[in-house]
Amino acid sequence: MISTTIQNARGTTADNAGFTGLNGEISLDTERKTILLHDGVHAGGVRVQEDINVKAFGAKGNGSADDRDALQAAITYCAARQLRLYLPEGVYMVGLTTWTPDGTLYSLEVPSNLTMVGQSREGTVIKLIDHAIPAGSYHPIFRSGASPITDINLSNFTIDGNNANQPSGDINGGNLILGTAHNVTIENLTSVNANGQGIQVANAQFPTPVGTNIRIHGCVVRACTYVGIQVSEFERVTITENIVEDCGDNGIDLYGEDLFDHTPRVPRGTRFIVADNHVKACSIGIFLETVQKGVTSGNVVDSCVVKGLQINRAHTGPDNLLVQGNVFVNNPTGAYLSGDTGGVSISNNHFFDFSTQGIELAHASYVTIQDNTFRPTGIEVPIILTSGTQVAFVVIVENTVISDGYNVAKLLVLNATTNFAIQKSEFFGMPFTLGPDLKRYNADLTTAAIGTAAIATATGDPLFTGKPKILSGSAGNIGPGTYNISLAGLTAGTITVTAYQSGVGRQCAVYKFIHGTSLVIAACGADAVIGSPPITAFGVSSTNLALTVGWPNTEIKWSILQSES
């Protein structure tokens, strides 16, 4: 039976902290103006959440009055007492004031322990007044102070930078700019018309600790003059299910560079997820610079001006990055990678309607490009292009090209000065169509030396039906001499062989043979330094592929794409 007796008491915050009360007793905190419920056992009780209405501080929300002072008073009051600030529907106009430490301008300061919630995302708007910004000034609407902040929750309202009525071309500010921050949730927020970034958590540089536990979810960022969503210097970030459109620079930007002269450099951007976002009509859709241990998955990036995705290295990273299951459509370049990496995997993505190249590797290394689908705008548009001084240690396997009459010479265009250790298997759909009766095999490879030659035997076991049968292997530090790859039990298909000289970086173009007919699709001429092709002769029978290697200290890699009868 529920008791109908209600006990009540009152006292200061300190009084309540030591008060046990009776079971079911209610007390009032006369300082924080909140209610606590007690159980007769635990001191302090449980504080009952109570919203504080911003209009209690004099805010009008009528679209004309300057509500900056009232909003700031409410924010300061609620954060100090860990109360939730509630904003009813309305348009709250805000002007600018001067940040005392350095003389810059801003509208509202975000302190620690702020929870701020609007009545409705579309109906609750905080908007910068017309002509508020002096030309060339720094002027965020929301900003944090010089010290790190913690425990921030912002949701369900709109920030409007009103850039149409500010100095033309201004990008020196933003709608929501936080410094070093921990435990931040920005959810179901709309940030539009920013004079700079839409949402930014720009954590301070070394030696200040990086920001941690930052979550940006379900937001809409549109028509910003600079970056849409940006987080720098961080550990543990999730950016999910946001819509970012029509921004003057990158749509979503993660940055983790150590700008100090440490040896080695200190990673400053680690452990992130960028997933299920829609980025449209920005300069670059998703930009990942010097970041590590992250997943970019399930995003749709379309109609960006320059690139769908860019992964960059400055002094540290990128390292251990997975780009998987995204759709990049109608971007001139689908993805661009530059710099030595600690491992980047690009797999199971769709690159559609690109006009410059599908993926560009510029000075890049340790990249795997696998199981992607490419649909260029024309038959001469490169699928994968290398550029810069050197591109090395790249694996390109099991990708599909959708294009009638495509020029196979453009599948892989090696424009880098040096292209070293690039392994490539046949692209599905080019130059033939695979039937439904194909199986995929893993290779079980053994190599045995016989005199000056080596015999490499490729065998495999089926993993599952409906996929191509692919065998791959390698033999290193061989040549000159003749070497054999066993084809016993395999039927017609395509064999790809790549040769490069160990430790030098000279690489032959890809040799391709059709088993049973010995048709050479591509060959390699004499090397300018060594004076002969790497493979001087070959022979194909029903059981064997024989390669005569002309170069010394050569590594041979092969991939066999075969039908399973």
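Trainee: How many aromatic pairs does the structure hold?
Mentor: This is a predicted model, in which local features need pLDDT of at least 70 and side-chain atom pairs count only at pLDDT 80 or more, while totals for chains, interfaces and linings use all residues. Residues are numbered from 1 along each chain as its sequence is written, and side-chain values use heavy atoms, with hydrogens and water left out. Rings of Phe, Tyr and Trp (its six-membered ring) pair if their centres lie within 6.5 Å; planes under 30 degrees apart count as stacked, over 60 as edge-to-face and the rest as tilted. The number of aromatic pairs in the structure is 8.

Trainee: Is the pair of Phe57 and Tyr77 stacked or tilted?
Mentor: A pair of aromatic rings is described by the distance of the centres and the angle of the planes. For Phe57 and Tyr77 the centres are 5.4 Å apart and the planes stand at 55°, so the pair is tilted.

Trainee: Which parts does this pair tie together?
Mentor: Helices (H or I, at least four residues) and strands (E, at least two) are DSSP runs, numbered from the N terminus. The two parts are 20 residues apart in sequence, because Phe57 and Tyr77 lie in separate places. Those places are the loop between strand E5 (51–53) and strand E6 (62–66) for Phe57, and for Tyr77 helix H2.

Trainee: Is the pair of Tyr366 and Phe393 stacked or tilted, and which strands hold the two residues?
Mentor: The ring centres of Tyr366 and Phe393 are 4.8 Å apart and the planes are at 10°, so this pair is stacked. It links distant parts of the chain, 27 residues apart. Tyr366 is in strand E39 (residues 365–370) and Phe393 in strand E42 (residues 390–397).

Trainee: Is Tyr366 buried or partly exposed?
Mentor: Buried means under 20% relative accessible area, exposed over 50%, partly exposed in between (1.4 Å probe, protein chains only). Tyr366 has 45% relative accessibility, so it counts as partly exposed.

Trainee: Which residues do ring pairs link into a cluster?
Mentor: Here several rings are joined through ring pairs. The cluster consists of Phe328, Phe351, Phe354 and Phe374.

Trainee: Which residue lies over the face of Phe352?
Mentor: A charge sits over a ring if NZ of Lys or CZ of Arg is within 6 Å of the ring centre and within 35 degrees of the ring normal. Lys307 lies in this way over the face of Tyr336, at 4.7 Å from the ring centre. Over the face of Phe352, at 4.2 Å from the ring centre, lies Arg375.

Trainee: Where is Asp151, and what is its phi?
Mentor: Most residues other than glycine have a negative phi, and most peptide bonds are trans. Asp151 is in strand E15 (residues 149–155). Its phi is positive, although the residue is not glycine, and lies near 60°.
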